[in-house]
Amino acid sequence: MGQPELLRKLREEIGNGPINEREYWKAPELSSGIARGIVAELIGNASSEYLLEVFKIHPEHFIFWCDKSARLNAAAVSQRGVKLSRIKFITTEKDFGPALRIAFEGGQFYPFIVAPSYTSDIKTLQRYHLLAQKSKSTLFLLADKKLSSAWPISLQLEINFSQEGFDVTIHRQKHGIGK
C-alpha cells in the first residue's frame, strides 16, 4: 500500500471521511490541467491568449476580469471564440481587493477570476488562496516581469508563443496532477 492510499485509509478510519478529489479545468498544452480553487500566476507574451483558449474550452462558465486599464481588446476576445457576454470587465486604478472579494463571493457564478499580479503580500495572497478554495474559483494573476516567490500561489506558468501554438513552462505546481 502506497503512502497516499495509507493516508486516505487512516483518515477514513479516524472519522474525517473520504478525501475530496480536486477538480481540474482542461487547459491546452497542459495535460495535468489547472486545479479549481487555487491561485495561479501566469507570465509571458501569450498569457492572455492562453487564458482565452482555456475560457473557450469551458464555454458555460463566466469570467471576472479585473485590470488597471482596458488592455484586453474586445474584438480580439470575440475572434478567439469567447463571448463577451460571459466576461465581467472591471477597471480600477487603486486597490483590487474589494473587486476580487466581490468576485469570490459570487462563488459559482465566476469560476474564472483574472487580475494583474499587483501584490506579493503573503497575507493578501493567503486570503485569496482561502477564498479561491472556498468558492472553487481559480484566480489567475497576470505578472508582467517576474514570478512571485509567495507560497500561497499554487501554480506558476510561463506561456509564450511558439510555431506550434503555446510554449508552456511550469515553474511551480503544488496542487498535484489531474487525472
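Student: In which crossing, left-handed or right-handed, does helix 4 pass helix 5?

Tutor: Happy to start there, bearing in mind that this is a predicted model. The contact involves Gly97, Leu100, Arg101 and Phe104 of helix 4, together with Arg127, Tyr128, Leu131, Ala132 and Ser135 of helix 5. As helix 4 passes helix 5, the crossing is left-handed.

Student: Are helix 4 and helix 5 roughly parallel or roughly antiparallel to each other?

Tutor: Let's look at the angle. Helix 4 (residues 97–105) and helix 5 (residues 122–135) pack at about 20°, and their axes are 10 Å apart. Angles under 35 degrees count as roughly parallel. Helix 4 and helix 5 are therefore roughly parallel.

Student: Within what arc do the buried residues of helix 4 fall?

Tutor: Good one! The buried residues of helix 4 are Gly97, Ala99, Leu100, Ala103 and Phe104, whereas Ile102 and Glu105 on the other side are exposed. Seen down the axis of helix 4, the buried residues line one face, because they fall within an arc of 165°.

Student: Is His129 buried or exposed?

Tutor: His129 lies in helix 5. Beyond its neighbours within four places in sequence, His129 is in contact with Gly37, Val39, Pro152 and Ser154. Its relative accessible area is 14%, and under 20% counts as buried. So His129 is buried.

Note on methods
Residues are numbered from 1 along each chain as its sequence is written. This is a predicted model: local features need pLDDT of at least 70, side-chain atom pairs count only at pLDDT 80 or more; totals for chains, interfaces and linings use all residues. Side-chain values use heavy atoms; hydrogens and water are left out. Axes are lines fitted to C-alpha atoms, for helices over the stretch in contact, and angles run from 0 to 180 degrees between N-to-C directions. Helices (H or I, at least four residues) and strands (E, at least two) are DSSP runs, numbered from the N terminus. Angles under 35 degrees count as roughly parallel, over 145 as roughly antiparallel, 65 to 115 as roughly perpendicular and the rest as oblique. A crossing is left-handed if the near helix is turned anticlockwise from the far one by less than a right angle, and right-handed if clockwise. Contact means heavy atoms within 4.5 Å. Buried means under 20% relative accessible area, exposed over 50%, partly exposed in between (1.4 Å probe, protein chains only). The arc is that of the directions from the helix axis to the C-beta atoms.
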